[in-house]
Amino acid sequence: MKKTILMARTLPDELVKQLREHYHLVGPLTRLDGSDLPEGAESAEVLLTMSSIKTDKALIDALPKLQLVSCYGSGVEFVDCEYLKQRGIALTNAAGTNASSVAEFAMGLILAGSRHILAGDRFLRTGLWKGNSVERYHLVPGLQDCRLGIYGLGEIGSRIARLGEAFNMSIGYHSRSRKPVPYQYLASLEALADWADILVVATRGSEENYHAINDNILQRLGPHGYLINIARGMLVDETALCNALDNGQLAGAALDVYESEPAVSARLRATQNVILTPHIAANTHYAQAAQQKRMLDNVELYFSGSELIGRVC
């Protein structure tokens, strides 16, 4: 008889196909509080979920045979890790599998924002370009010798730093601890914002750093500074960001993640000096295949009694 696994939300088609070949796959869930479980879910030993989905005590308690929660992607911010530890339930994610894809996307946002690529496109399309001699588009600093500040020097942050080096940028970072890297370490996020010309948010989201990018940090980044967020929407106070952009306290921003996604505030959408993309930094063939393989591997390892990959708790 096939072992039962439960998916909280619909997973990619190819992953679902492979899971069904070897396991009894049930789900997705209609409610996340465990009050409306699909038939057979009570037998599930494995819950397949995503970091953006709430996985708390109510759902965990509704699954009496649960032994493994596996997250698709690198985050675990909405999973109650402490309660899983109390219950002796393992938690895994796919940390590192999408690092290259997210880092290259972050570099794309840095270029698009600081070099005004989208604004230049609009400038041409609206007929404002009259020729370089008279209507030359205004000059920008460029990335040469620009100070790239990275908040969170994990897998993704480290790859962003290496890409920044290729553009001859100066690299600084703030992380939970100093790393053995040749970059300038700033002891606080405030110090990093004071130092940086471009601030990239690449750290994990948690209750401790909720709205870490607030009015104070944005003012420190200053009227010539740029903010890039490819981490988690909860890290940025979007009202403070809109205020800073509207009041000229910040030169620009580029966001791929949002606090209440997929909902994006009308005010943020109406702001001109911000680039908005729909959480697509990890949308490459390589990253998705790697994330799917990590989830499949961990399910197989669990049922074979082997050591899990990327275990969080």
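## A walk through the model

Start with Ser114, which sits in helix H4 (residues 99–114). Bear in mind that the model is predicted. Ser114 counts as buried because its relative accessibility is 7%, below the 20% cut-off. Show its side chain. It reaches the backbone oxygen of Ile110 at 2.7 Å. Leaving aside residues up to four places away in sequence, Ser114 touches Val140, Leu143, Ile198 and Tyr226.

**Next stop: strand S1**

Select residues 4–7, strand S1. Which way do the side chains point? Thr4 and Leu6 go one way, Ile5 and Met7 the other. All of these residues are buried. In a regular strand, side chains alternate between the two faces of the sheet.

S1 and S2 run parallel and are joined by 3 bridges. Pick Ile5 and find its bridge partner in S2, Leu25. Then trace the chain from S1 through H1 to S2: this β-α-β crossover is right-handed.

Bring in strand S3, residues 46–50. Its pairing with S1 is also in the parallel sense, over 3 bridges.

**Next stop: the seven-stranded sheet**

Colour the strands from S6 to S12. What is the strand order in this open sheet? Reading across, the 7 strands run S8-S7-S6-S9-S10-S11-S12, and the pairing is parallel. Go to the edges: strand S8 (184–185) and strand S12 (274–276) stand there. Each has a single partner strand, so one side of each is left without a neighbour in the sheet.

Strand S6 (residues 147–151) and strand S7 (residues 170–174) run parallel, joined by 5 bridges. Select Arg147 and look across to S7. Ser170 stands opposite.

**Next stop: the aromatic rings**

The whole structure holds 3 aromatic pairs. Select Tyr23 and Phe303 to see one of them. Why is this pair stacked? The ring centres are 5.4 Å apart and the planes meet at 25 degrees, so the pair is stacked; the cut-off is under 30 degrees. Tyr23 lies in the loop between helix H1 (13–22) and strand S2 (24–26), whereas Phe303 is in helix H12 (residues 285–304). The pair therefore ties together parts that are 280 residues apart in sequence.

Tyr23, Tyr302 and Phe303 form one aromatic cluster. Tyr23 is buried, with a relative accessible area of 9%. Phe303, at 25% relative accessibility, counts as partly exposed.

**Last stop: the cysteines**

How many disulfides does a search of the whole structure find? It finds 0. Select Cys313 to check: Cys313 is in no disulfide, and the nearest cysteine sulfur, that of Cys81, is 5.1 Å away. A disulfide would need the sulfur atoms within 2.5 Å. Cys313 counts as buried at 14% relative accessibility. Finish at Cys242. At 2% relative accessibility, Cys242 counts as buried too.

Notes. Residues numbered from 1 in each chain as written. Predicted model: local features only at pLDDT ≥ 70, side-chain atom pairs only at ≥ 80, totals over all residues. Heavy atoms only, no water. Helix = DSSP H or I, 4+ residues; strand = E, 2+ residues; numbered from the N terminus. Buried < 20%, exposed > 50% of the residue type's maximum accessible area, 1.4 Å probe, protein only. Polar contact = N/O pair within 3.5 Å; in protein donor to acceptor, adjacent residues only side chain to side chain. Contact = heavy atoms within 4.5 Å. Phe/Tyr/Trp six-rings, centres within 6.5 Å; stacked < 30°, edge-to-face > 60°. Pairing = 2+ DSSP bridges. Right-handed = clockwise from strand over helix to strand, strands pointing away.
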